[in-house]
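Here's a quick tour of a two-part model, starting where the parts meet and then moving on to the folds themselves. Have the structure open while you read.

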Amino acid sequence: MKIRVHVRIIPRTGLLDPEGQAIAHALSALGFAGVGDVRVGKAIEMTVEATSPDAAEASVRTMCERLLANPVTEDFSIKVERA
Amino acid sequence: MTRVAVVRFPGSNCETETLAAVARAGGDAMLVDYRETHLRHADAVILPGGFSYGDYLRSGAIARFAPVMTAVRALADAGGAVLGICNGFQILCEAQLLPGALQRNAQQRFASRPVDVRIERTDTICTSDYAADEIIRIPIAHGEGRFVADPDTLDALELDHCVMLRYVPVDGTDAPYNPNGSMNDIAGLCNPAGTIVGFMPHPERRVDPALGPGVGQRFFTSLMSRIATGVAA
């Protein structure tokens with residue numbers, strides 16, 4: 001079955017995120033008060049051919065560990081569409 | 001003659017200067033395509049600067065899996081000389097041939113200017129022609145050169161003397177000297193044996209006298225003499 005999978009990759013908490021900082025400054029300049037700790041990551045969506053949603057999730061987890069996320073600097077989470 | 005492979009990935013842009021620097025130092029410089037699966041009996045391999053695969057996903061993340069990298073890893077495992085310059089350094093970190101990662105510059109801008117770095121190891125494959133703790137002024141050109149690693153890794157790097165190049169202040173000024181926010185002011189690393197090295201500065205841009213003092217030349221002459229004496233694989 002074809003399964004739609006959503007991957008979210010985000011810089012690890014505690015590591016400096018200059019892009020997030022720049023966006024926080026821009027938001028503040030626009031008058032949005034009280035915005036802090038902005039972090040910018042990536043969203044990756046894909047269709048995976050797998051026997052079950054669990055199998056798709058396991059496969060994408062391996063993709064994240066090998067390529068999609070950097071284990072030194074990023075955390076990831078996976079969401080599988082279950083019909 | 002010393003055979004040095006310089007790998008061209010899609011998006012590499014410093015391979016021509018790097019080949020010229022090797023040739024000027026007396027080496028037999030060979031351009032090797034990223035799709036090749038062997039390094040044509042090279043004694044050393046250099047991964048040059050540039051933007052391999054457009055820096056898609058992360059700098060070096062996709063190049064790490066190029067076919068040629070299997071041969072690069074084999075040479076590294078055999079104790080052979082492996083150098084990564086700028087994007088090449090990023091690729092070596094992604095390939096986990098060197099620890100840590102290179103992140104977007106803290107100053108949020110591309111840094112393209114000369115910086116002062118101290119040579120902290122002179123027993124690596126490419127620094128033997130420098131004096132211990134010699135400080136040289138050399139160009140950088142990168143948007144993602146901020147070295148990060150977890151505290152344990154960072155401690156181990158210092159303990160094992162794996163910091164080969166470090167950004168240092170210029171005497172007599174208070175100007176910011178760390179161009180990217182690198183942890184511990186790290187500009188370049190080596191493995192404990194000094195056979196795998198990666199650094200952000202571009203020595204290949206300081207070998208032609210037309211471009212100023214040739215302070216980068218000795219990276220390449222060091223590499224030639226190291227290979228000639230057979231210390232590296």
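## Where the chains meet

In this predicted model, nine residues of chain A are in contact with 12 residues of chain B. Sort the chain B side of that contact by class and you get five nonpolar, five polar and two charged residues.

## The sheet in chain B

Now turn to chain B, where nine strands make up an open sheet with mixed pairing. Reading across, the order is S2-S1-S3-S4-S11-S10-S9-S6-S7. Which strands stand at the edges? They are S2 and S7 of chain B, and each has a single partner strand, so one side of each is left without a neighbour in the sheet. From one strand to the next, the twist averages 25°.

Strands of a sheet pair through backbone hydrogen bonds, in either a parallel or an antiparallel way. S1(B) and S2(B) go for the parallel sense, with six bridges between them. Along this pair, B:Arg8 sits opposite B:Asp33 in S2(B).

## A helix in chain A

Over in chain A, helix H1 covers residues 18-29, 12 residues in total. From first C-alpha to last, H1(A) reaches 16 Å, close to the 16 Å expected at 1.5 Å a residue. Just after H1(A) comes A:Gly31, with a positive phi of about 100°.

Notes. Residues are numbered from 1 along each chain as its sequence is written. Chains are lettered from A and ligands numbered from 1 in the order in which they are written. This is a predicted model: local features need pLDDT of at least 70, side-chain atom pairs count only at pLDDT 80 or more; totals for chains, interfaces and linings use all residues. Two strands pair if DSSP finds at least two bridges between them. Helices (H or I, at least four residues) and strands (E, at least two) are DSSP runs, numbered from the N terminus. Axes are lines fitted to C-alpha atoms, for helices over the stretch in contact, and angles run from 0 to 180 degrees between N-to-C directions. The expected span of a helix is 1.5 Å times one less than its number of residues. Two residues are in contact if their C-beta atoms, placed from the backbone, lie within 7 Å. Ala, Val, Leu, Ile, Met, Phe, Trp, Tyr, Cys and Pro count as nonpolar, Asp, Glu, Lys and Arg as charged, and the others, Gly among them, as polar.
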